[in-house]
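These are my notes on one structure. I kept to what I could look up in it.

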Amino acid sequence: MDAGEPSYTTGDTLHTERAFTSNLGVFFAVFFLIIVLSYGSYIYRRSIRSQSLPIISLDDSVHSDDDDSTGLDDDVLGTFPTILYSEVAMLLNGETKSATHADNCGSAGCSICLADYKPADVIRLLPECSHLFHVSCVDTWLRVHPTCPVCRNSPFPTQRI
């Protein structure tokens, strides 16, 4: 052996292999701990989220006849005008309405059910915003919500001074 060359013994090699094995074991232990904590955090957040959100079935939200409903009564809904869509289309095609009014109510379909209007459809006009909807669609909406489904304004005419 030369004086400049390092000497390796079996003990040094064994020590290096043990150090590598123990470091690898620590790495996998920390990795496993991170996975377990992440999964626990996910489960915890999911349980908190499910407790904070009320579970409402579709039938409950559509057929809300409870006294605590904030929507409009049937008597009030009956005061809003109804018209055949064929009459509205004729008015719009005849240019008897202003351009801004035609922009408001000239849509080709109901914004609630997303179906196109047919000439025989009875539609309801909300007086304040002039948005049009199928009568059954908007009445169901207004029994639960006291605002227009499109612009969220009150359907009641406001007093202009």
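I started with residues 24-44, whose end C-alpha atoms lie 30 Å apart. The span is 100% helix and 0% strand, where helices (H or I, at least four residues) and strands (E, at least two) are DSSP runs numbered from the N terminus. The UniProt record, an unreviewed entry, annotates residues 24-44 as "transmembrane region"; such annotations may be inferred rather than shown by experiment.

I noted that this is a predicted model, in which local features need pLDDT of at least 70, side-chain atom pairs count only at pLDDT 80 or more, and totals for chains, interfaces and linings use all residues. Numbering runs from 1 along each chain as its sequence is written, and side-chain values use heavy atoms, with hydrogens and water left out.

Next I looked up F31, which sits in helix α1 (residues 10-52). F31 counts as partly exposed because its relative accessibility is 46% (buried is under 20%, exposed over 50%, partly exposed in between, with a 1.4 Å probe and protein chains only).

I then checked the rings of Phe, Tyr and Trp (its six-membered ring), which pair if their centres lie within 6.5 Å; planes under 30 degrees apart are stacked, over 60 edge-to-face, the rest tilted. The count is 4 aromatic pairs. F27 and F28 make an edge-to-face pair, with 5.5 Å centre to centre and 65° between the planes. Ring pairs join F27, F28 and F31 in a cluster.

Last, I turned to helix α6 (residues 135-144), where 7 of the 10 residues are buried, so the helix is largely enclosed by the rest of the structure. Among the buried residues are D139 and W141.
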